[in-house]
Structures are given as C-alpha cells and as structure tokens.
Amino acid sequence: MKSGSERIGASFRDPSGFIFKRDGVLYRQVNQSYSDAYEKLISSGVYAALTKAGALIPHTESAEKPADPLLAYKVIQPEPVPFISYPYEWSFTQLKDAALLTLGVTRTALEKGMILKDASAYNIQFINGKPVLIDTLSFDIYQEGAPWDAYRQFCQHFLAPLALASLVDIRLTQLLRVYIDGIPLDLASSLLPGKTKMGLSGLALHIHMHARAQQQYADKAVSQAAAVKISKAALLNLLNSLEKTIQPLKWEPKDTEWGNYYNATNYSDDALKSKGMLVGKFVERVNPKTAWDLGANNGLFSRELSKRGVVTTASDIDPAAVEQNYLAIKSTGERCLLPLVIDLTNPSPAMGWAHSERNSLLERGPVDLVMALALIHHLAISNNVPLETVAEFLASAAKYAIVEFVPKSDSQVKRLLATRKDIFDKYTEAGFETAFSEEFEILEKEPIPGSQRTLYLLRKR
Amino acid sequence: MHVILFKLNYLDPGSGSLLVQLVAAGLLGSIGILTKIFWGRIKAFFKGEKYVPPQPAEEEDKSEE
C-alpha cells in the first residue's frame, strides 16, 4: 500500500477493487480483474442510463496513482456522498425505496447485458434526498443462463427486514444491526406470521421456501445447483416477483412516541414560529456547511438548517417521526436533509470485521454544528445522563452547538418527573451553564418567546 | 458445460438459493404465461360465454425462451 493513502474498511470483500482516501479525497481503485466488466459498464450504456436516472453515483476517471499499483487497472473518483448512513438507521420507506432502486438497477443492467453481482443494502446511500447506488464495481457481465448470485443477499438485506417491519413490528429492522449480511432467512421465516406461508405468495417463496431450501442444501455440493440454468426472461420474472412482493408491504405508524408531538407540546403556532426564527438567526451567525439535528422529530427545525443549504442529518429515536420526515422530503424534493432513526442513548456502533466495516455515529463526524432542541431533559432526566457528559458528547460531534434548555417548571419536564423521584438537583439553568462551561463558551443566550425555555448558541473551547 | 461452474463468485449464491430462484423464476414465469394464454378462456368461463380464440395476427411475440 502506498503511503499517504488509507484503505477504507467497508470495501475489502470485493476483489474487483476498493475505496481509498488520499488527502481527504475518496477514490476507488478498479483492479485488473474487473477491467472487462468496467469497460462493459461504460460501453453498454449501463453507466450512462443509470447516472442519468440518478440511480448510480457518477464518477470521473482520475490520474491519481493507485493505492495498490500491482493490481490496479484504473482509479476513479466518485462524487462525494455527504453522509454515509446504514440500513438500520433508515425508516421503512427509505429501506423500501432502496430495495426498489436495487431491483430497478438490476433490471436496467440486465437489459443491457450486465447484472448486479451483489445486492447489499450498504451499497445504497441517500444523496439529495434520494437513494443512489454508490458501488460502481457492483456490475458484472451477464452470461446467458446464469442465475442471479445476489438473490439470497437481496432477500436478506431488503425483503426480510421489510416484511418483518410491515407484518410484525417496525423495531425488527434493528436486526440488521445484529446481522451484518442481512437477516437470516430462517430467522425471518420463523418470525413472520403463519399466513405468509400459504400458497405461492412472494413471501412464501422468497422467504419461507428459500429458508427451507437453504437448510436442506446447506452442506450439499454445488453439483445440483450447477445444473441451474435460468433464461433472461425468467430472471426478469424473478425481479418482477420480488418487486411485486415488496410493493404492497406498508407500514403506517399508529401509536408512537412522538407521532403527533407538535400537537401536544408547549408551543403555540406563534411560539413555534419564533423558535424557528431564533434557530435560524443562530444558524446564520455560525454559517455551517454540515450539521446534525439530534432528536429532530419530524424535522421541523432541521429545515432551518437545510433550507439554508446546510447538509443536515435529522435523527430521532422514533421511526414514525423519521418516516414522516422522509415522506415529506420525498414529496417536496428537498435536497439537503437526511432523516435517520438513531437512539442517542445507544447510537450506532462501529461494526463488522475488525470494527471497521460500519462506522459509529461519531466516527462519521464531526460536523460544523450540532443541534439539540427539546432533547436535554430526555437525556438528563429520562436517561440519567449527567449534563457534563451531554456536553462532552456534543463537543465531540461539532464545533458549534445550538441547545435548548427546558427547565423543571416546564410541563414536559414535570411529566417526566411525575413518575419518579427528583434526584436532579443540578438540573437548573445555572447548573446547565456550569456543566457546559467546561467544553463550551456561550455565544448567545435567548429566552424562547411564549415558553419558559432558553436557547443557547455555544462554541467549543 | 456450465458457465457458473467456472465463474469465480465473490458472493456464495448458496445451493438452496439457486434452486429456489429457479423455482421462483420458472414457476412465476409459467403461471404468468399460462394465465396470459388462457386468459380469454378463463374470462369466458366466468362470464358463462363461449370462448372464441383471438385472431393469430394480434398475438404479441413475447415467448419465454
């Protein structure tokens, strides 16, 4: 490996090439072994068709020296992805859209003589509000009669979590965080309702029968499978069948934590508006390029960032709020906002081989600005996190912070304290300022009109 | 001989997955095609009418193989 370039952990499995970083820029080395497929990707028109449709990440061929010259065929520089997110952080429709994109890309490739050799959900990222395939080396030259090698991976990464979320419980998408190569089909099969086993439905085939066949043939040699020959028309049928199985899967949030939070808060419409203006004023003073809005709910205030062109992730613990946010982004075509399901009391860890395949939340930072509105009381009171520790966490995430302090006199905090002993002597405005003073200096402090709350603009010391 | 015998797979497609894929692709394909071929008859049956075969010129050319 050439010095000064760092190979990125997530791409080591594929022998076709890998990602490396040099001087802060991401490149992808294309290996000799992939040269035919790469040239076919360009000459067949697959690349042009997919990038035009916004389905595949555009790249330029680079004169940069390869990180591993012995293997190298070319170096390409893909368009940067603003924020890498993972399927266990997506809401239902985000995962569904990523699944449908994967099928659409496979179909387009197949029509032009190529096929997707993998169907990993981790190859999809959200850019400007839309799912995009970011692995340029996922394409293989299609051989007439060959089956789709990625079929099993597709079922594990997409179909199984979508079916479980839709038919059993939305929280089961979190199984993706446990199983790095998607939900094992025998597990999905045992969790899904019995009625999905009936007849020849998509789920009966692609999950239940699939799981049984895997068990049956687990230790059998490939000889039987080698006889498998599937016509292109039959492969297109398979893609259609997967799409028809996924399309009707729905998730409609009913009773969730925050679903209609803004109807039940302490803010009147006027107060919400003036809080928004105050946030906007602070944002303009900092003028950040990137931001995280933590505890963002459905993204009402995240838009004070994104509408000013700040690349923003709006995370929340509640899948319903995130779903609502994503659907809004989808319908309005907003570009700078990425909603994610993240439980801040247990944020996404570093995972996979040598902890290096998937980054933890903090490893994907820092950003210029972190925002924590109406969040501190949940961390400090519901989760017993000391305010100093909250300050440390925010300081490790960004240089600037916008934090809303919600005092004990606020009815939301009263509600949190109603069922437990008040052991939080230091939870006062003065206590908050002392706790944060170690990490931050206060640039601005303003009472939020129409409430008892205070908004702080903080800068890391 | 078969191409997939010699191809270096980077993902293990799994023997079971290959077979289910074959079944799924074949089965769904044939149901689709059978339905297409016999749709006229099925419709006629439920309407209680006599089935009249369509003129061959109108058949679209979308054969399976």
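**Notebook: domains and strands in chain A**

I began with the domain assignment of chain A, which lists domain 1 (5–78), domain 2 (87–246) and domain 3 (261–460). A reminder to myself: this is a predicted model.

Next I looked up how domain 2 and domain 3 of chain A sit relative to each other. Their centres, taken over C-alpha atoms, are 36 Å apart. How many residues does each domain put into the contact? I found 12 residues from domain 2 of chain A and 20 residues from domain 3 of chain A.

I then stayed on the domain 2 side of that contact. Which helix gives the most there? That is helix H3 (residues 92–111) of chain A, with three residues. Sorting this side of domain 2 of chain A by class, I got six nonpolar residues, five polar ones and one charged one.

I picked S16 (residues 454–460) of chain A and checked its pairing with S14 (residues 398–405) of chain A: they run antiparallel, and six bridges join them. Within this pair, I noted Tyr400(A) opposite Arg459(A).

S16(A) also pairs with strand S15 (residues 440–447) of chain A, antiparallel again, through seven bridges. Here I wrote down Lys445(A), which stands opposite Tyr456(A).

What do S15(A) and S16(A) form together? They make a hairpin, with six residues between the two strands. I looked at the turn as well, and Gly450(A) has a positive phi there, about 80°.

Terms used. Residues are numbered from 1 along each chain as its sequence is written. Chains are lettered from A and ligands numbered from 1 in the order in which they are written. This is a predicted model: local features need pLDDT of at least 70, side-chain atom pairs count only at pLDDT 80 or more; totals for chains, interfaces and linings use all residues. Two strands pair if DSSP finds at least two bridges between them. Helices (H or I, at least four residues) and strands (E, at least two) are DSSP runs, numbered from the N terminus. Domain bounds come from an automatic or database domain assignment. Two residues are in contact if their C-beta atoms, placed from the backbone, lie within 7 Å. Ala, Val, Leu, Ile, Met, Phe, Trp, Tyr, Cys and Pro count as nonpolar, Asp, Glu, Lys and Arg as charged, and the others, Gly among them, as polar.
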